[in-house]
Every structure is written in structure tokens, then in C-alpha cells.
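Q: Hi, could you walk me through this model?
A: Happy to, here it is.

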Amino acid sequence: MCIVAVMSVGFALLGLLESGPRHGYDLKRSYDQRFGQGRTLHYGQVYSTLARLLKNGLVEVESEPGDGPDRKRYAITSAGVTDVATWLSQAERPEPYLQSTLYTKVVLALLTGRDAADVLDAQRAEHLRLMRELTRRKTGGDLADQLVCDYALFHLEADLRWLELTAARLDQLAGQVTGHAAGQVVGQVHP
Amino acid sequence: MVNSANDPLLAADDLHLSFGSTQALNSASLRVYAGEVLALMGPSGSGKSTLLHCLAGILTPDTGRVTYAGRDLSAMSDSERSALRRTEFGFVFQFGQLVPELTCLENVALPLRLAGVGRRQAQGAAAGWLARLEVADVAQKRPGQASGGQGQRVAVARALVSRPRVIFADEPTGALDSLNGERVMQLFIAAARDTGAAVVLVTHEPRVAAYSGREAVVRDGRVREQEYAL
Amino acid sequence: MSAPVAARARWGSELALGVRLSVAGGRSGWVRLAMISLGVGLGVAMLFLAATLPAVTAVRDARVTARTVDPQQSIPRAADTLLTSEIKSEFRGRAIYGQQLQPEGDRAPLPPGVSRRLAPGEMVVSPALGELLASGDGALLRDRWPARIVGTIGPAGLSGPQEYAVYLGTDRLTDTTGHRVRSFGKSWDDGGMSPLLVLLGVVGLVVLLLPVMIFVTTAVRFGGEARDRQLAALRLVGADAAMTRRIAAGETLAGALLGLAVGGLLYLAVGLLLSRFVPPGLSFYPSDFRPVPVLAVLVVVLVPVVAVLVTLSALRRVVVEPLGVVRRSGDRRRRLWWRLVLPVAGLALLYPMRNGLSGQSTGFEYQVMAGVAALLVGVALLLPWVVDAVVRRLGGGSVAWQLAVRRLQLDSGTAVRAVSGIAVSVAGAIALQGLLAAVEAQFSPETGRDTAQFQSDVMLRQPLDPSGSWVRALRSTPGVRAVGPTSSFRAAAAGAAPDADTTLTVGDCDVLRLFARLDSCADGDSFIVTAPGTAALRPGTYAVRERSLPATDPSAQSWTLPAAARTVPAHADPGLDAQSGLMATPGALAGLKRPLADDVYVGVDPSDPDALDRVRNAAAHLDPSVLVWPVDPRSIENALASIRQGLLAGATALLLLIGASMLVNVAEQLRERRRLLAVLVAFGTRRATLTGSVLYQMAIPVALGLGLAVLTGSGLAMVMQALASAPISADWFGIGATSAVAALVVLLTTAASLPLLWRLTRPGGLRSE
Ligand SMILES: Nc1ncnc2c1ncn2[C@@H]1O[C@H](COP(=O)(O)OP(=O)(O)O)[C@@H](O)[C@H]1O
Ligand SMILES: [Mg+2]
């Protein structure tokens with residue numbers, strides 16, 4: 001997740017530079033405005049990222065008349081433009097992390113004879129709580145807020161759908177997990 | 001009758017209802033408090049609509065009691081329950097609820113006219129609600145000439161026009177795309193808040209349920225109710 | 001295989017698919033097919049009946065013509081001649097036809113159906129009369145003709161199996177009392193039926209058949225909406241628009257063909273019933289009961305063709321799209337001008353006849369038929385426009401009213417189709433009622449005769465001595481209270497033009513009261529009888545003579561009408577206007593020889609139902625061919641009244657038929673709106689509101705249809721009255737009765753739809769997701 005974040009900050013800066021050369025602090029301001037969403041970049045992170053991009057030949061520095069490091073303007077190279085294009089055209093690898101955790105929980109509950117429905121209901125309540133909060137924030141916010149909240153909401157909704165589906169199949173799953181009528185269930189799962 | 005703040009406005013106790021061999025409700029209990037938005041969730045066929053119809057006095061349970069503002073619905077006559085639905089309740093369904101021959105404005109005015117309000121006054125109020133739900137432009141069109149989203153907004157306006165204390169909504173966005181569904185829910189919930197109406201919202205869409213204050217899950221005719229957080 | 005063959009094969013298979021769909025559509029498919037075939041069947045049966053009517057009348061007429069005696073022949077007596085004299089008798093309301101036969105040689109002809117010569121004192125009777133004579137009921141009748149039954153009249157000599165007929169052998173006819181014939185059968189053309197009756201028949205036919213056709217076209221559309229949805233489902237799996245049309249046509253064809261079969265069976269059943277229960281005078285042999293072949297073929301071919309055409313034209317207005325059915329009719333405004341073409345044409349056709357039928361050339365009946373048909377069809381065409389125009393302007397009112405009006409505004413076609421049948425039949429019925437009322441008034445004006453004293457008129461064929469033995473015989477008949485012979489002279493005022501003579505009627509005071517209103521009367525009085533529109537006669541000297549003699553006959557005697565003669569107003573004569581003239585009691589004749597009687601008025605005990613038939617018996621003994629008529633012929637009026645009742649019954653049957661088709665439409669519509677009804681009930685809508693809206697939805701078009709029908713019908717009635725040269729008046733009874741029946745039908749239909757409405761508004765209807 002960390003790597004992804006760093007990677008995407010790099011590409012985000014590259015993308016911002018495509019519209020024209022900028023100073024470092026300009027880049028930070030633009031980034032915060034558009035992508036910040038409560039997590040602004042440190043200057044240090046900006047400069048370290050730019051340094052890496054510089055090393056890889058994706059940006060170059062144009063010096064302006066005057067002194068000091070702040071007078072450095074960064075411009076994107078053609079290699080940088082190609083990289084941005086490649087990144088945009090590549091699909092992200094879906095991250096099924098939540099399901100695997102929850103799945104583990106559900107299976108564990110079943111194995112230990114606990115009520116797996118309770119696990120799911122608790123998770124649903126929690127998801128809905130978060131979704132209510134996001135919905136409230138969305139209702140008060142501007143378009144950017146709405147889109148970002150919706151992104152989260154759709155993901156949470158997908159999780160919830162999975163929860164419903166699992167809840168509907170708990171009996172089947174229990175049979176398989178605890179080995180009762182295993183042959184029959186396995187037969188259904190692997191025809 | 002005056003209710004203290006903690007008394008539910010509408011309560012179902014231990015409802016049982018079978019359609020032939022299908023047990024649609026199996027000891028279902030539910031509380032609805034004044035002004036709250038309660039989501040009824042659960043897989044399809046679990047008994048959500050049946051429970052809603054029992055709460056609204058459309059169906060009478062085999063056993064169990066439904067009380068509204070302290071009055072036992074099953075002790076009322078059919079016409080008393082009809083009168084209650086006319087004056088205290090509002091309804092939004094998934095589709096097919098607008099009278100195709102009437103204009104949208106007349107559709108919205110219908111509950112008021114049924115309650116005996118004069119035509120002009122009823123249509124005046126209806127026009128206000130159409131505007132509030134951003135569909136003033138379809139007022140003179142028939143439902144068949146309006147889009148699905150507009151139709152649902154008209155239906156919501158109709159549910160609100162008689163200023164009911166409870167609005168029953170059965171999959172109100174079920175036939176809409178997400179954008180239209182979102183907008184209908186936003187307008188609906190905001191208007192319900194303003195009029196102080198409680199909403200019983202049947203839905204299987206979590207994003208729609210997220211407009212509620214609380215959810216209850218129906219499974220196999222039984223309700224798992226979330227505690228009311230004051 | 002060539003392309004056309006393949007195309008034809010595809011056509012066939014699509015039609016067959018339609019047929020299969022109609023029966024494979026589950027219960028609703030069967031119900032629809034049953035409704036269509038029953039509706040078409042009813043219509044077909046009526047059409048077949050209409051096509052049979054001319055055939056039955058023709059064969060009956062042919063047989064009656066074959067036995068008719070031609071009174072215009074004047075033939076010398078020969079070995080092959082026969083003297084005849086017609087018998088028109090009646091027994092307890094049953095008419096009896098007969099002839100006296102007196103052969104004048106070996107080769108005298110036999111009437112049709114009679115196989116042997118009759119000697120005096122022998123008779124042959126029709127089977128029905130034979131049965132009647134043999135029964136206990138006919139005991140009194142056995143005395144009428146003291147003759148031996150030697151045989152039965154065969155079918156060739158009877159109009160129908162139930163006819164009462166008798167042929168009586170005699171030797172008492174003379175050249176003056178009998179007609180001499182060489183053969184039976186009519187050789188002259190009597191100009192056919194009276195134009196008035198033709199008019200009645202023509203209008204009746206149009207009035208009967210138009211609603212039937214409208215009903216058939218409505219029946220074909222029964223359940224059409226469900227069918228449209230089925231077709232939409234077929235579009236979804238790839239049928240194109242032309243294919244759906246052929247499939248629909250196939251389905252209708254199945255219904256129409258089945259309807260033909262049903263209609264044929266119904267027709268046979270009705271024929272069987274009719275042959276049993278028709279009044280004896282109209283009875284027919286089973287072999288007579290077959291439709292005119294050309295007309296039957298026309299029905300068999302046209303009904304399916306019309307059914308398919310109607311289906312296709314109905315589909316034209318419906319685009320069957322894969323995802324449902326779109327109706328195109330919505331905002332189409334109906335245009336007026338072409339709907340006015342037919343009524344105007346109808347009026348134009350009838351206009352030249354405004355001065356009555358007399359003097360119309362032959363073929364006028366076609367013009368009348370076309371005119372009436374155009375007017376009535378015009379009503380059916382005008383109605384949709386009227387309903388549209390009126391409903392468009394309706395507004396306000398209760399919720400029930402609003403629901404109904406809006407529904408009609410959106411789609412008035414279904415309602416109008418059903419109602420146009422009502423409109424046409426009611427318009428026709430009112431027109432006929434009006435015409436009948438006028439005819440009735442014309443044929444049987446109130447005579448004003450006082451029937452307390454005398455009720456029957458024995459019309460002698462030969463003048464007889466008023467003091468003869470037969471008057472005594474009548475007098476001594478049990479149940480007879482009074483016998484009053486009258487005789488008459490022709491009388492010409494001295495110096496007046498020879499053709500300006502008048503009738504001098506002689507009789508007792510009691511009898512004279514039949515002809516004029518007398519305040520007081522004693523033997524020796526004489527009277528001047530005045531009638532409206534004629535100049536009163538004056539007292540003075542008159543030349544009087546026997547009735548049959550010319551004015552210039554030398555045997556005329558002179559008689560003086562005394563100045564003391566009172567002037568009295570005449571009563572109307574049955575079938576004629578009031579007649580002016582002179583009346584005298586026998587005591588006023590002052591030496592004149594009293595002429596022979598030509599009428600004998602008989603009064604009977606009203607509490608003795610058989611008295612009249614005993615009078616007939618006594619009269620028949622005197623002369624079997626004597627006519628016995630009622631003094632005040634209410635019977636004509638009764639006949640017309642029963643026609644009017646029949647008409648009302650027919651209109652009621654039609655209205656019920658139409659009510660049934662409206663019920664089907666409403667049921668279909670309610671079923672289709674099951675979910676909406678459930679939603680409305682969820683909203684707390686009262687059932688009374690829903691019931692009210694169903695009622696309004698039927699009542700509004702019916703009321704409009706009736707209004708239009710009353711207008712057109714009354715107008716048409718006035719035209720008819722003008723055609724019949726009858727006084728023009730509105731027939732409020734007919735209008736009121738027909739409208740009341742229509743209102744009743746609407747109420748019944750609504751009531752009949754309520755159980756379904758209540759079933760559909762149970763909560764289950766909400767569940768259709
Ligand atoms: N009118 C009815 N007749 C027969 N069965 C019914 C009827 N209404 C509901 N049911 C049955 O009752 C159960 C619950 O239905 P419902 O309340 O509509 O479920 P949900 O709204 O949660 O999808 C289902 O099995 C359904 O088939
Ligand atoms: Mg449901």
C-alpha cells in the first residue's frame with residue numbers, strides 16, 4: 001500500500017508537470033488542492049520524489065536567473081511523458097485484502113463453533129456506520145467531496161454485497177468447513 | 001395520545017404470517033420511532049415487503065400485534081385502517097404506482113383529494129412538492145411521458161403531500177440508476193426530515209440504506225434489529 | 001422450391017402459430033378464444049336468422065299463393081270449374097283459414113294439399129285444427145261446421161304446420177255467394193306488401209343487423225390487450241412486425257371459425273325452438289328453415305374476413321414493440337368532417353320522400369334502406385367524435401369522476417366501440433317505436449264507440465231480412481244479450497248532383513249509438529250525422545234507393561228528412577275517418593220499405609268467454625263464410641302493441657349483449673390494472689371511489705351514446721312518420737323505456753364487475769415484483 005502511494009505521488013507530480021514547468025512549492029500546492037483530501041504532502045516528500053524522478057531522467061531542471069534552491073524549475077522529459085501514459089493505461093491490480101481477512105474470520109468462527117452470522121452482522125453494522133458518515137459528508141460537500149466519498153461508498157457497498165452473499169451461503173460453507181456432508185458440498189463446488 | 005420520546009410510534013410484536021405453506025413472517029418484531037429513518041434490509045424473499053404491509057395495515061398478520069401511536073391496528077375495521085393510511089401514512093413503491101391517466105400534478109394531489117381537500121387547494125400543495133423534488137416541469141405531463149427518475153420523484157412528492165407521520169418506501173430506487181437513485185434519496189430524506197415524518201425504507205442496496213439512521217435486517221421472516229442509538 | 005411457395009408456407013405456419021398461441025395461452029388464452037367465438041357465434045346466429053327470414057317467408061308465401069282463389073276471374077260454369085267461398089274464422093284468439101268448395105263438374109280442381117273431392121257435409125282439416133277439434137278445448141268449435149272430417153290437408157296446402165285450416169264441401173254456393181275458379185293460385189300481381197310494412201321491415205332489418213355487426217367487431221377484440229402483450233413477447237424473440245400481424249390474424253381466424261361453428265349450432269337450436277314456439281300463424285316446416293344460400297355463403301365468408309380485417313386495423317393503431325406495447329391513439333384528435341358524410345348522405349337519400357311514400361317509384365325501399373343505414377352507421381361513426389369532444393371538456397368533480405374522465409380522455413376507443421352498438425340499436429329502436437306509434441294512431445283511431453251494448457259485427461255477405469229466422473237464432477244463442485240489425489240506403493238530396501249522395505243508415509236507437517253520439521233517441525227520430533271537414537246535410541226531400549243500385553234507378557223512393565232531425569257528431573269508423581251521413585230509426589221511415597239488413601250487431605255477456613264463439617258458430621251455420629268482427633277493433637292496436645313490446649324486448653336483448661361486451665372490457669381493464677388498484681387501496685382509497693369510477697367510466701359514454709341515439713332516433717322517427725304520411729310527434733314512451741333499459745344495463749354491468757374489483761383490490765395485488 002505504501003509503495004502504491006509513493007508510486008502514485010510520483011506519477012501525480014509528473015502528470016502535473018505535463019501542463020508546464022513548475023517550482024517545487026507550486027507542485028506541492030497543486031497536489032494538495034487536487035489530491036490531498038486531508039493528507040497533504042510534506043515538502044521533504046516532494047523534493048525526495050522529484051530527486052528520484054530526476055535520477056531516472058523523467059524530469060529535468062531549468063535554472064532561472066537568481067539564487068537559491070527555490071529558484072529551480074522542474075520540467076517533464078519525453079521519457080517522463082511516456083511513463084505517465086504507460087501508468088495511466090495500466091490497470092491496477094485489484095486488492096482483495098478485506099475479503100481475505102473477513103473470510104478468515106468467518107471460517108474461524110465456523111471452525112470454533114461461534115455464530116458466523118454475528119461476525120457478518122457486526123461487520124455490516126460497522127460498514128453501514130462508515131457509509132452513513134460518508135453519506136453525510138457527501139451530502140454537505142462539493143462535487144470533489146462527493147466523488148471521493150462515492151468512491152469509498154461503492155467499495156464499501158461491494159464489501160457489503162459480499163457479506164450478504166456469504167451470509168446467504170453460511171450453511172453451505174459450514175457444511176464444507178466442518179466436514180459434514182463434505183462429499184456433497186465438495187461435489188457442488190468442484191463439479 | 002401523547003407518547004413519551006422513548007415510546008415507538010409504530011411497533012410490531014411477534015408477527016406471524018403464512019401464505020399457504022410459505023411462512024413469510026416468523027415472529028417478527030420491530031419498532032419505528034417518530035421522525036427516524038429505518039432501513040429494512042435482507043435478502044429477497046425474506047419477508048421485508050410483507051412486514052412493511054403489516055406495519056402499514058395493508059395486511060393483517062395471523063398472530064401478533066401492530067400498534068400505531070398506541071392503537072392496535074388489528075382491532076380496527078377495514079375502513080378505519082383505510083382512513084389511517086389516507087391521513088397518517090404515505091407510500092412509495094418501486095414502480096407502477098402512478099395512475100397513468102392522471103397528470104403528475106393530479107397524481108400528487110390524489111391523497112389530499114381522497115382525504116377530502118378541494119381540488120384547487122390540493123393541486124396547489126402538490127405543485128409545491130413537485131417543485132421541491134425538482135420535477136415541476138412534468139406537472140402537466142402524464143406519468144408515461146416522464147422518465148423513471150422523474151416518476152419516482154413524483155411518487156415521493158405524492159407520499160409527502162399529505163404530511164404523513166410515517167412513509168413506507170418499498171425499494172423506492174430499485175428501478176433507477178445510481179445517479180438518479182442517489183438524488184431521489186437525497187431529496188426524499190431531506191424532505192422527510194423537514195416534515196418530521198418517520199421513514200421505513202425497504203432496500204437491498206447498502207448505499208440507499210446508508211441514508212437511514214438505523215437498520216434492521218430481515219432474514220427468514222425474523223428481524224435482527226439494531227439498537228436505537230439516541 | 002420456388003420463393004412464392006416458401007413464402008406461402010411461411011404464411012401458413014405463422015397463421016398456424018397464431019392459432020396455436022390462442023389455445024396454448026393457458027387459461028386466459030382459452031377464455032379469450034371462448035369469448036371471441038361466443039361473441040362471433042351470437043352474431044353469426046343472428047345473421048343466419050336474418051338470412052333465413054326471406055327464405056321462410058318466400059316458401060310460406062309460395063304455398064299461400066298456390067292456394068289463393070283469384071276473385072277477378074270471371075269464368076262460365078263448366079265441368080272443370082269450382083265455386084269457392086273463403087272462410088275467415090277465429091276460435092279463442094286462433095285464426096282459422098278455410099274455403100267452402102262446391103265442384104261443378106268431374107274435373108273441378110282440388111286445392112293444394114287436398115287429395116279428394118269433398119261432398120257436401122264433408123271437410124278436410126289441417127293437422128293442427130284436427131288436433132284442436134279432437135281435444136277437450138275444441139269442444140265448442142266442433143259445433144261450428146257440422147261436417148264429417150274425411151281427411152287431412154297436406155303441407156303443400158298450409159303456410160305452416162301449426163296453421164288452422166279447413167276445406168268444407170258444400171252445395172249451397174251460388175254465382176253471387178261464391179267465386180268460380182278453374183284452378184287455384186294467384187295469377188295477378190298485387191303489388192307486393194304494403195309500402196308501409198316494407199318500410200317497417202327494412203328499418204327493422206337495418207336496426208337489427210348493424211348492432212350485430214358492431215358486436216361482432218367488438219367481440220373480435222375481446223382480450224386484445226393481453227394478446228398485444230403476447231405479441232410483444234414474440235417480438236422479443238425475433239418476430240418482425242409483419243409476422244406479428246399474421247400471427248394475430250391467425251389467432252382471430254381461429255376464434256372466428258370457431259364462432260362460425262358456434263353460430264351454426266346456435267342457429268339450429270334457435271330454429272328448433274322457433275318451430276315449436278312461434279305463433280301458429282307464423283309457423284313453418286323444419287324444411288323451410290334454411291338460409292338463402294347466397295346470403296349464407298356471404299356470412300360464412302364475410303365474418304372471418306371482417307374479423308381478420310378488424311384485428312389488423314386494430315393492430316395498426318398499436319405498435320407491438322419488443323419491450324411492451326405502445327398505443328398510438330393517445331394524442332390523435334378525431335376529425336369531424338368525414339364522419340358527417342354518412343349522416344348527411346342518409347338525410348339526402350330520405351329527403352325526397354318527405355311527402356310520403358305514395359307516388360314513389362318501385363325500388364324506393366332500397367333508397368330508404370340505404371338512407372336509414374347511412375344515418376344509423378353515421379351515428380356509430382359520429383359517436384367517437386362526440387365522446388372525444390365532450391370528454392375533452394369535462395373536468396372537476398370528485399376523485400372517482402376525475403379518474404373516469406381522465407381514463408376516457410386517454411383512451412375512449414374501447415368504451416366507444418361497445419357503446420356505438422347501443423347508440424345504433426337505440427336510435428333504430430326509437431325510430432321504429434316512433435313509426436309504430438304513428439302507424440298505430442293512424443290505423444286505430446279511438447272510434448269513441450260505446451261497446452257496452454254491442455261488441456261484435458256480423459257482416460253479412462248477402463242482405464237478409466232483418467226480421468228473419470236467423471236473427472232469432474242469434475238472439476237465442478246462449479250468452480247473447482242484444483241483436484241489432486242495421487240496413488242502409490243510398491240517399492240523394494233532391495236537386496243535388498247525382499254523385500253527391502250519402503248513406504242513410506237504419507237501425508234501432510241502440511245500434512245507431514254505435515255510429516254517432518246520441519244524447520236522446522226514440523223510435524221515429526232521425527239524425528244528421530256530421531264529421532269534421534264535411535258540410536252538414538240539410539233537412540228536406542231525399543231520393544233513397546237500395547245500396548247496390550245506381551243513383552238514377554227508377555225504383556228510388558222519396559223520403560223527407562224532417563226539420564226536427566237533430567245534428568249529431570259521428571264516431572270514427574274502424575280503419576276509416578268519421579263518416580257523415582243520415583240515420584233513421586225504423587219508425588222514421590214513414591212508409592218506406594225497410595231494406596234488407598247487411599250488418600247485424602251482437603252484444604254478448606262479457607262474463608261469458610264462450611259467448612262470442614257461440615255467436616260465430618251460429619253465424620257459421622247460417623253461412624260458413626260470414627265475417628264476425630269486433631265493433632271496436634282493438635285487436636289491430638293489440639297487434640301493433642305486441643310488435644312494440646317485441647321491439648323493446650329486442651332492444652333489451654341487444655343492450656344486454658352490449659352490456660356483456662362492456663363487462664368483458666371492464667374486466668380486462670381491471671385485471672390489467674391489478675397492481676395500480678392495489679396501490680390505490682394502499683393509499684387508503686375507498687372502494688366506493690373505485691366503484692364510482694368504474695360506473696362513471698361506463699355511464700359517461702353510454703349517456704352520450706344515448707343522447708345521440710335519442711336525437712337521431714327521434715329525427716329518424718319523424719322522417720319515417722313523414723314517409724308514412726302520419727302525424728309527426730315524438731314518442732316519449734319509447735325514448736323513456738329504451739333509455740331506462742340502457743341505464744339499467746349500465747348499472748347491471750357495473751354491479752357485475754364489482755366482485756372482480758373487490759377481489760383485485762385485496763392486498764395480494766401489490767406483490768408483482
Ligand atoms: N400474496 C402472497 N402470496 C403468496 N406468497 C407470498 C405473498 N406475498 C409474499 N409471499 C411469499 O412470502 C415470502 C416473503 O415475501 P416478501 O415479503 O415479498 O419478500 P421480500 O419483500 O423480502 O422480497 C416470499 O417467499 C414470497 O414468495
Ligand atoms: Mg419486496
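A: Let's start in chain A, where three strands make an open sheet in the order β1-β3-β2, with antiparallel pairing. This is a predicted model, so to read it: local features need pLDDT of at least 70, side-chain atom pairs count only at pLDDT 80 or more, and totals for chains, interfaces and linings use all residues. Residues are numbered from 1 along each chain as its sequence is written, chains are lettered from A and ligands numbered from 1 in the order in which they are written, and side-chain values use heavy atoms, leaving out hydrogens and water.

Q: Which strands stand at the edges of that sheet?
A: β1 (22–23) and β2 (59–63) of chain A; each has a single partner strand, so one side of each has no neighbour in the sheet. Strands here are DSSP runs of E with at least two residues, helices are runs of H or I with at least four, and both are numbered from the N terminus. Two strands pair if DSSP finds at least two bridges between them.

Q: And what is the bridge partner of His23(A) in β3(A)?
A: Arg73(A). Two bridges join β1(A) to β3(A), residues 72–76.

Q: Which helix packs on the sheet?
A: Helix α3(A), residues 43–55, which touches β2(A) and β3(A). Contact means heavy atoms within 4.5 Å.

Q: Switching to chain C: is His571(C) buried or exposed?
A: Buried, with a relative accessible area of 14%. The cut-offs are under 20% for buried, over 50% for exposed and partly exposed in between, with a 1.4 Å probe and protein chains only. His571(C) lies in the loop between β15(C) and β16(C).

Q: How many residues does the contact between chains C and B take?
A: 26 from chain C and 27 from chain B. The two chains bury about 2600 Å² between them, 59% of it on carbon and sulfur atoms; that is the accessible area (1.4 Å probe) lost on putting them together, summed over both.

Q: How many salt bridges cross the interface of chain C and chain B?
A: Three, counting a side-chain nitrogen of Lys or Arg within 4 Å of a carboxyl oxygen of Asp or Glu. One of them joins Arg406(C) to Glu106(B), with the closest N and O atoms 2.1 Å apart.

Q: What about chain A and chain B, how many salt bridges there?
A: Three, including Glu157(A) with Arg207(B), whose closest N and O atoms are 2.6 Å apart.

Q: Which element gives the most to the side of chain A that touches chain B?
A: α6(A), with ten residues.

Notes:
Axes are lines fitted to C-alpha atoms, for helices over the stretch in contact, and angles run from 0 to 180 degrees between N-to-C directions.
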